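My entries follow in the order in which I looked.

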Amino acid sequence: MKLFITIIVGLLCFSAISQTKISGKIIENDSTAIPFAEVVLKNVTSGKLIGSITEDDGSFQLNTTPGNYSLEISFVGQQLFTKKIEVKEDAIDLGTIIVDNAQELDEVFLTSKKKLIERKIDRLIFNVENSSKSSQGDVVEVLKIVPSIRVENDAISMIGKGNMRVMIDEQMLQLSGVDLINFLQSIDSETIKSIEVISNPPARYEAEGNSGLINIILKKPKSDSWNAQLKGTYIQRTKANYRSSANFNINKDKFTFSGRLGFIKHQLVLQENLTSTYPEETSVTSTPVDIDLEGSVASAEIGYEMNQNWHLGAQYYFNGTAANIESLPKTKITRNNAEDSFIRMNGSEPQHPRVHKLNLNTNFNLDSLGKNVILNLDYLYNTNEDKKYYQGIESPGLDENTENRYFRSFNKTNNKYDIYSAKIDIENPLKWIDLDFGAKYTYSDISSDIKSFNTGYTLNPTDEIPNIPAVPFDYDEKIASAYISANRNFGEQWSAQFGLRLENTAISALSPNLDINREDNYTNLFPTFYINYNLDTKTNFSLNYSRRIERPNFRDLNPNTYYRTPSIFYSGNAYLDPSFIHNIEFSVLHHDFVTRLYFTRENNAFGEVPIANTSINSTGFSYENYIDRTLLGISESFTWNPIHWWTNVNNLDLNYAKSTFNLEQPQADRNGFNSRVSTNNDFNLNSEKTIIGGLNYWYQFEGVDGIFETQAQSSLGLSLQFLLLDKDLNISLRGEDLFKNAIERKTAKINGVTQEIRNFYDSRQFWLSVSYKFGNDNLKVRSQKSGNTDTERRAGG
């Protein structure tokens, strides 16, 4: 770390040598300042150009090295001023430059239509402004047509990856599942400039996770304005669901504020089925699960421009949930082809998580060449009182001499998370290369008090739960990291980027009552490499590589064990290790056709796996480092307009997966193909494009997922949208999974026991959504860049 800091200081000093600041102010004859004028400094000898744009008050600032220059000032193509300058001092103040701007322009519109899909060195850019979804709703609707992205069942994922992490203007959203979807649905599509898909994140971002990133870039309109939006949604699943949100934004002078409130009533009726075939008996468990959740989200961002080069910001975020999960497991046990016994259970799992997050940040713009220093301080506090109550009765089958047996279990866990983070990022462009470097330190202090009670089978029913002492579990994690990244263009066609990230992780897990005493320390390097070639304006080739790490979520590490039935239980694992992933991707972009060839190798991967115990005929779902995975695939995405009123987006993914297992009993390798196709269609039903119909369909073929063989599933959706009152009022009707075909079905054979899982997640649903926006849409709100990202995600924040 000392060496890295020395390198940073040296690079900063090197780039600052012989830098001369040139400043001034441009006004018209009537003393009116000229904002957005172009100021160009041209080196007379080399011809190199350095440029800047004047601020609202007409001021400008340039940094350059000694030499002879020509200063040129122009506005909307008209040259206003020229002057020869010899630079040899530490600073030159040109004072006030008075020009004669004869143009009288009430409004100037400079338009340059970008391609729908573009490729940068480390990301794919989807220009929403040029898509059919630019004025048709919200971020979630736009994401459905972004290449390689899936939006299904309140989850956002990437083809060939897992669930995606989402950023707004580089600010990581600490949300997932339905909370993330609810937040994104409150952002109007007309406010989005572009969406960046980062399949292999560069060294600047944490090496944690193999899911990729989505960065949503919002438009930057005029200042001195405000706007607001109200949105309400009714969703009919098996039960009624409600979502509502309100946001308010204001930008006045140097001050910006953005506030958001969201409420959700989330009710699901799930059906989970597990069939376990042991050598001498078969157990069939059917579990209807009723989820009733009420949640609220509040956030506020404040920004202030101290001057044109110094920005201060702060953000506060709160998420609170009151949830209860009711389940009624019913188990039929068969021995010797005869019904032996029945087990009827009822369970309740109330949960009350509370998340508070505070971010303080500042951004220093050191010169007009793009040198920036960004500092972030973050704190996250998360509490959750997690309770689980289960009780039931086992009734005999045909044997009338067998008595009823009873079962009761109780589990209570108080979890507390304190996560602190400090981060510095430095953007340092030089003459021949662009450098980014920085460092981060994160300290996570997690404590849990566990109370667990389990009667097992008993002949005497009891409603009493004894006074159980709490079992403490403490987990501390310290991550220190530093990175450097270099980017260079080689002419107009070739560009390359290389990054290196160093991370040191120190872990301490302690619970004397559970005989857990773990100390671990490991240091890893995570290289990234990108090379980009533009064949012409329509065709691009890109190759990239990254090494990443997947750390367990804190809830996976918690050794807490709870029972759903006497023979089915769940537990965490304090000794879980991280897995390491190698990613290679080659992509071709031609017009609006995107082809991706991807390879992923994950070593020592972990996950929840059903482990059967044949001696007592029970199944425990435990988190284990049990699998090495290799994935090789190709994906295709094509966007086209066969008719002017029809926009069609199609995706195809085909991959070959191979898995080897590390379990107590030897397990044969599992390999096979997975494939999926989808189509998304929008139909403009009138010439004003204010009535839009939609038809969406996806089909996933049977395949393999780790230790499981998976069955096929599909979903059909229809939609109708009305844009009224100059598109400020949006009314949307939608149906998803209309034929109830999105059912998870998978089978695995572990320790000689066949496990068959069939789950339905209440995905058939009908939506009515109404949103109204008002105020001045030309709002400039600068989102704060939180420095604490992946650690908060692992904590559930």
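Entry 1. I looked up tryptophan 640, which is partly exposed because its relative accessible area is 35%. Buried means under 20% relative accessible area, exposed over 50%, and partly exposed in between (1.4 Å probe, protein chains only). The model is predicted: local features need pLDDT of at least 70 and side-chain atom pairs pLDDT 80 or more, while totals for chains, interfaces and linings use all residues. Residues are numbered from 1 along each chain as its sequence is written, and side-chain values use heavy atoms, without hydrogens and water.

Entry 2. I turned to ring pairs. Rings of Phe, Tyr and Trp (its six-membered ring) pair if their centres lie within 6.5 Å; planes under 30 degrees apart count as stacked, over 60 as edge-to-face and the rest as tilted. I noted 26 aromatic pairs by this rule. Phenylalanine 638 and tryptophan 640 are stacked, because their ring centres are 6.0 Å apart and their planes are at 20°. Phenylalanine 638 is partly exposed at 29% relative accessibility.

Entry 3. How are the rings of tryptophan 645 and phenylalanine 683 arranged? Their centres are 6.3 Å apart and their planes at 40°, so this pair is tilted. Tryptophan 645 is partly exposed at 34% relative accessibility, and phenylalanine 683 is partly exposed at 22%.

Entry 4. I recorded that ring pairs link Phe593, Phe638, Trp640, Trp645, Trp646 and Phe683 into a cluster.

Entry 5. Lastly, I looked up aspartate 253, which counts as exposed at 56% relative accessibility.
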